[in-house]
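User: Please go through this structure with me in questions and answers.

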Amino acid sequence: MKAISAQYRFIVLLLVVVVAGMSQGLLLPLLSILLERSGVSSDMNGINSAALYIGIFCTMFFVEKPVLRFGYKKVILAGIGLVAVSMLLFPVSQSLGLWFVLRLLIGIGDSSLHFATQLWIVSSSPADRRGRYISLYGMAYGVGFSVGPLGINLLPFGQAVPFLVNGVFFLTVLLLLLRIPNEHVERAGKSESSENRFVRTYRLAWFVLIPSLLYGLMEASMNSSFPLYGLRISLREDWISLLLLAFGIGALVLQLPLGMLSDRIGRKPVLVGCAVIGSAAFLCVPLAGSSLALLFLLFAVAGGVVGSFYSLGLAYAADILPRPILPAANVIASIHFSIGSVMGPMLGGYGIRYVSIHSIFLFLGFAFLGFALLGFLFRPRKVEAGVEAGVAG
């Protein structure tokens, strides 16, 4: 019964991640298109999009305490409720101020449920299968994130329909989650005081925490700035959603193989190799012009190799850090993700307006290339958690 309960819990947590990814995958391009239709400039569009990630960023300064006090399940339930209610309020008005606040609240709810879900999965996964487990988490997010933009095609039935459909999915996973017993985080001992664990996490795992920054930058840029890029090179809205789907499908297809490969040869070689390939794919996007076939191929390749960055970064952190400071690593990773996500829409919006419509892809390409070069400087240390050198990479 215990094994069945653990299996059911894992499946439901993956479904929560699917729906959360679907919400985020839909929200950014959908709102960008609606604001573009209303005549809002690309830079203001990008600033409004950044509200979601400002909410995620702010949440990271307080979410750890509720998880420690109330347990994983209660925080996930609260996050689901906040996101679902906020989503349903978007059709009420097209006020930029209201949408900014709603995106902020969604960022808070989304960040809370992801933090608790990630930590629950990573903390309970066996070390020799951690890459596989966290890859399944990444695949679940990838499924939702890939399917989400297809909700744009529901707009002909009414502006409120995509939001309502998303709300139904949130209600479904909420009901499933109610059956799971709550669990609490393993607390740090006296030697792992709150005063030193964040500094210690950076000292031991600074390179491991960069993938979350790059993933946030890439994800937000693709979902907020690419629709604007696509419209300016005369792509139809349905093709924009399908190209974003190609990006997600690439991540979905390679997520588990990359996770299993990282279990065998180490996280760092996989991360560095994926960064090099992803860099090349992004830098080639401007050369593809408006060729749908080439864009589809480049997006599938880029999504496949960098779509695992966040999950592999978390697995790498779990490899080289003692378990009691894993919550600190998750907090830092989420903050990095938020910083990257806030930067993405703003850099994309200003870049498209003042520099070049291709600027965001050039920036992403060089950012991933820089990460690959930093990999040669990082030497993970063995810690008291008993890490094997092969897994640590």
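**Confidence, helix packing and a salt bridge**

User: What does the chain average in pLDDT?
Analyst: This is a predicted model, so confidence comes before geometry. Of the residues, 91% score at least 70. The chain average of pLDDT is 82.

User: In which helix is confidence lowest?
Analyst: Confidence is highest in helix α5 (residues 72–89), at a mean of 92. At the other end, a mean of 38 belongs to residues 389–392. Those residues lie within 384–393, over which pLDDT stays under 50. The helix with the lowest confidence is α17.

User: How many contacts beyond four places in sequence does the model have for residues 191–195?
Analyst: Over residues 191–195, pLDDT stays under 50. For residues 384–393, where pLDDT is also under 50, the model has 26 such contacts. For residues 191–195 the number is seven.

User: Are α10 and α12 roughly parallel or antiparallel to each other?
Analyst: Helix α10 covers residues 210–232 and helix α12 residues 267–288, with their axes 14 Å apart. They pack at an angle of about 20 degrees, and angles under 35 degrees count as roughly parallel. The crossing of α10 past α12 is left-handed. The two helices are therefore roughly parallel.

User: Into which classes do the residues of the contact of α10 with α12 divide?
Analyst: On the α10 side are P211, M218, M222 and Y229, which meet L271, F282, V285 and P286 in α12. The contact has no polar and no charged residues. The division is eight nonpolar, none in the other two classes.

User: Are α6 and α7 roughly parallel or antiparallel to each other?
Analyst: Helix α6 (residues 96–124) and helix α7 (residues 130–147) have axes 10 Å apart. Their packing angle is about 155 degrees, and angles over 145 count as roughly antiparallel. Their crossing is right-handed. α6 and α7 are therefore roughly antiparallel.

User: How many charged residues does the contact of α6 with α7 have?
Analyst: H114, T117, Q118, I121 and V122 in α6 meet R130, Y133, I134, Y137 and Y141 in α7. By class, six residues are nonpolar and three are polar. Arg counts as charged, and R130 is among the α7 residues. The number of charged residues is one.

User: What is the handedness with which α12 passes α14?
Analyst: The axes of α12 and helix α14 (residues 309–320) come within 10 Å and cross at roughly 155 degrees. The pair is therefore roughly antiparallel. The crossing is left-handed.

User: How many charged residues does the contact of α12 with α14 have?
Analyst: From α12, R267, K268, V270, L271, C274 and A275 meet F309, L312, A315, Y316 and D319 in α14. Eight residues of this contact are nonpolar and none is polar. The charged residues number three.

User: Which residue forms a salt bridge with E183?
Analyst: Side chains of opposite charge can pair when their charged atoms come close. The structure holds three salt bridges, and in the one with E183 the closest N and O atoms are 2.7 Å apart. E183 lies in the loop between α8 (161–177) and α9 (197–205), and its partner is in helix α1 (residues 2–37), 174 residues apart. The partner is R9.

Terms used: Residues numbered from 1 in each chain as written. Predicted model: local features only at pLDDT ≥ 70, side-chain atom pairs only at ≥ 80, totals over all residues. Heavy atoms only, no water. Axes fitted to C-alpha atoms, helices over the stretch in contact; angles between N-to-C directions. Helix = DSSP H or I, 4+ residues; strand = E, 2+ residues; numbered from the N terminus. Parallel < 35°, antiparallel > 145°, perpendicular 65-115°, else oblique. Left-handed = near helix turned anticlockwise from the far one by under 90°. Contact = heavy atoms within 4.5 Å. pLDDT = per-residue confidence, 0-100. Salt bridge = Lys/Arg side-chain N within 4 Å of Asp/Glu carboxyl O.
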